[in-house]
Amino acid sequence: MATIKQSLDELMKLDGILCIAVVDSGSGMLLGSAGGGINIEVAAAANTEVVRAKLKAMRALGLNDKIEDILITLGKQYHILRPLSAKEGVFLYGVFDRHRANLALARLKLQEVEKDLSF
């Protein structure tokens, strides 16, 4: 089991990662963060709304499923939001340089780190 800090430090080793955070989707507040390049507090709060909107849409559609991850592709960045399966209401939020990051590897590493993360 790894602490939030240990998990974030492990993720910061990924090629192309700019910043990573653990976010409370109830409040939009950071539980921990690492890296830089953007205002992670503002981004985490804004992307909380993305997670909430997707959950609302799933309920409206009657989908009995869970979000594995949400990928937002920008011209220069990838943003990955990954709700934690073991901790409802919390998600990992990573920002990656699109030209340096390996998207498949980033998704796999987020999944791997999520399994070991403890609060």
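The legends below describe close-up views of a predicted model, in which local features need pLDDT of at least 70, side-chain atom pairs count only at pLDDT 80 or more, and totals for chains, interfaces and linings use all residues. Residues are numbered from 1 along each chain as its sequence is written, and side-chain values use heavy atoms, with hydrogens and water left out.

**View A. The largest nonpolar core has 19 residues.** A nonpolar core is a set of buried Ala, Val, Leu, Ile, Met, Phe, Trp, Tyr and Cys residues joined through side-chain atoms within 4.5 Å; buried means under 20% relative accessible area, exposed over 50%, and partly exposed in between (1.4 Å probe, protein chains only). Leu11, Ile20, Val22 and Phe96 touch the most other members.

**View B. Helix α1 has Ile4, Ser7, Leu8 and Leu11 as its buried residues.** Seen down the axis of α1, these residues fall within an arc of 95° (directions from the helix axis to the C-beta atoms), so they line one face of the helix. Helices (H or I, at least four residues) and strands (E, at least two) are DSSP runs, numbered from the N terminus.

**View C. Glu68 and Arg107 form a salt bridge (3.5 Å, N to O).** The term denotes a side-chain nitrogen of Lys or Arg within 4 Å of a carboxyl oxygen of Asp or Glu. Glu68 lies in the loop between α2 (40-60) and β3 (70-73), and Arg107 in helix α3, 39 residues apart. Glu68 is partly exposed at 42% relative accessibility, and Arg107 is partly exposed at 31%.

**View D. Arg82 and Asp69 also form a salt bridge (3.9 Å, N to O).** Arg82 belongs to strand β4 and Asp69 to the loop between α2 and β3, so the pair ties together parts 13 residues apart in sequence. Both residues are buried.
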